[in-house]
Amino acid sequence: MRRRRALLARFQRPRRNAYAPAVLVTPFSTLEEFIERHRKLFILTGAGCSTRSGIPDYRDADGAWKRAQPIRYQDFMADAAARRRYWARSLIGWRRFREARPNDAHRALARLESKGRIELLLTQNVDRLHQAAGSVRVVDLHGRLDLVRCMGCGRRIARDEVQDELGRLNAGWLGLAAADAPDGDADLDGADFSSFEPPSCRRCGGVLKPDVVFFGETVPRGRVDAAMRHLAQADAMLIVGSSLMVYSGYRFAQTAVSAGKPAAAINLGRTRADGLLALKVEQACEGALAFLL
Ligand SMILES: [Zn+2]
């Protein structure tokens with residue numbers, strides 16, 4: 001049993017750094033023990049939670065980009081050609097993305113919430129699969145891909161409605177197939193996007209943008225503050241399937257540990273917070289959480 005536990009979990013002693021608490025956190029030998037010992041958990045999830053649902057992630061085990069970086073907010077807003085390329089790829093990618101269903105990692109976390117053990121589930125994913133699995137106490141840190149926002153009048157529109165419009169405007173593109181890329185994107189490179197017609201707001205003619213936080217864009221302040229208030233109420237933090245390479249997620253681990261709350265992570269490969277963790281489980285999320293089901 002002891003050997004099996006050692007195999008299941010590889011823990012690290014917290015290293016001394018600017019964010020280490022004054023009193024060293026006692027390491028935990030298993031994820032079961034970590035979850036048992038803390039009544040209210042603050043959960044942060046990332047792409048690794050959804051890969052089993054068929055949604056590719058951006059980064060490799062070292063936290064480096066696997067592919068070209070996703071579109072930047074500044075490029076999307078300033079450059080009509082960038083918007084044509086984005087929406088052409090999204091027209092193809094959305095069809096598969098919207099079909100994704102929750103996997104056992106989402107189900108295990110929904111079960112944990114139903115036992116009253118989750119203070120908040122903060123997700124960096126934009127796929128709404130936690131909600132589809134039954135989680136209620138969820139904040140979508142980086143927004144949601146099933147909504148589109150008009151940057152002119154602020155109106156929000158269902159992505160499916162925009163998909164219909166895109167199809168009407170660009171019927172010739174509908175037959176294209178492409179490899180799936182993260183966040184409802186598809187690899188269509190090499191195509192000539194100059195003839196692609198991006199959607200615009202029917203009410204004001206404004207630029208339409210998916211209601212997600214793009215790279216280079218700031219997470220709305222109110223959303224961060226609300227999540228931080230929940231973190232203050234939690235006993236510990238559990239990171240599920242994120243390398244925390246993006247600061248918007250990493251700062252929650254910094255805040256937890258500097259407040260003396262132990263943090264654990266399930267992730268294949270390194271995380272930016274490895275030096276802060278009381279427990280690290282290098283396993284696929286659905287496998288590591290299977291004991292909850
Ligand atoms: Zn508008």
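**View 1. The largest cavity has a volume of about 100 Å³.** The model shown here is predicted, and local features need pLDDT of at least 70 and side-chain atom pairs pLDDT 80 or more, while totals for chains, interfaces and linings use all residues. Residues are numbered from 1 along each chain as its sequence is written, and side-chain values use heavy atoms, with hydrogens and water left out. A cavity is a set of points on a 1 Å grid over the protein atoms alone where a 1.4 Å probe fits but cannot get out, and lining residues have an atom within 4 Å of a point. Its volume is the space filled by probe spheres set on the points, which are joined across faces, edges and corners. The structure holds one cavity of 30 Å³ or more. The residues that line the largest cavity are Arg155, Ile157, Glu161, Val162, Glu165, Pro199, Ser200, Cys201, Arg202 and Leu208. Helix H7 (residues 159-169) gives the largest share of this lining, three residues; helices (H or I, at least four residues) and strands (E, at least two) are DSSP runs numbered from the N terminus. By class, the lining of the largest cavity has five nonpolar residues, one polar residue and four charged residues, where Ala, Val, Leu, Ile, Met, Phe, Trp, Tyr, Cys and Pro count as nonpolar, Asp, Glu, Lys and Arg as charged, and the others, Gly among them, as polar.

**View 2. Cys150, Cys153, Cys201 and Cys204 are the protein donors of the zinc ion.** The site of the zinc ion is tetrahedral, with angles of 97 to 117° among its four donor atoms, and four donors count as tetrahedral if all angles lie between 85 and 135 degrees. Ideal angles for four tetrahedral donors are 109.5 degrees. Along the sequence, the donor residues follow the spacing C-x2-C-x47-C-x2-C. Because cysteine 153 lies in the loop between E4 and strand E5 (156-158), and cysteine 201 in the loop between strand E7 (185-187) and strand E8 (208-212), the pair ties together parts that are 48 residues apart in sequence.

**View 3. Cysteine 153 and valine 207 are 54 residues apart in sequence and 9.4 Å apart in space, C-alpha to C-alpha.** Cysteine 153 is partly exposed at 35% relative accessible area, whereas cysteine 201 is buried at 4%; buried means under 20% relative accessible area, exposed over 50%, and partly exposed in between (1.4 Å probe, protein chains only). Leaving aside its neighbours within four places in sequence, cysteine 153 is in contact with Cys201, Arg203 and Cys204, where contact means heavy atoms within 4.5 Å. Valine 207 lies in the loop between E7 and E8 and is partly exposed, at 25% relative accessibility. Beyond its neighbours within four places in sequence, valine 207 has contacts that include Phe76, Met77, Arg149 and Cys150.

**View 4. The second largest pocket holds about 200 Å³ of space.** A pocket is an open set of points with protein on both sides within 12 Å along at least five of seven lines. Of the 15 residues in its lining, Phe97, Arg98, Ala100, Asp127 and Arg128 lie nearest its centre. Helix H4 (80-97), helix H6 (129-132) and strand E4 (143-150) each supply at least two residues of this lining, which divides into nine nonpolar, no polar and six charged residues.

**View 5. Arginine 128 has a positive phi of about 60° although it is not a glycine.** Arginine 128 is found in the loop between strand E2 (118-123) and H6, and at 23% relative accessibility it counts as partly exposed. Leucine 244, likewise a residue other than glycine, has a positive phi near 55° and sits in the loop between strand E9 (236-240) and helix H9 (247-258). Leucine 244 is buried, with a relative accessible area of 1%.

Conventions
Donors = N, O, S within 2.8 Å, 3.2 Å for Na, K, Ca; no water. Tetrahedral: all angles 85-135°; square planar, octahedral: opposite > 155°, others 65-115°.
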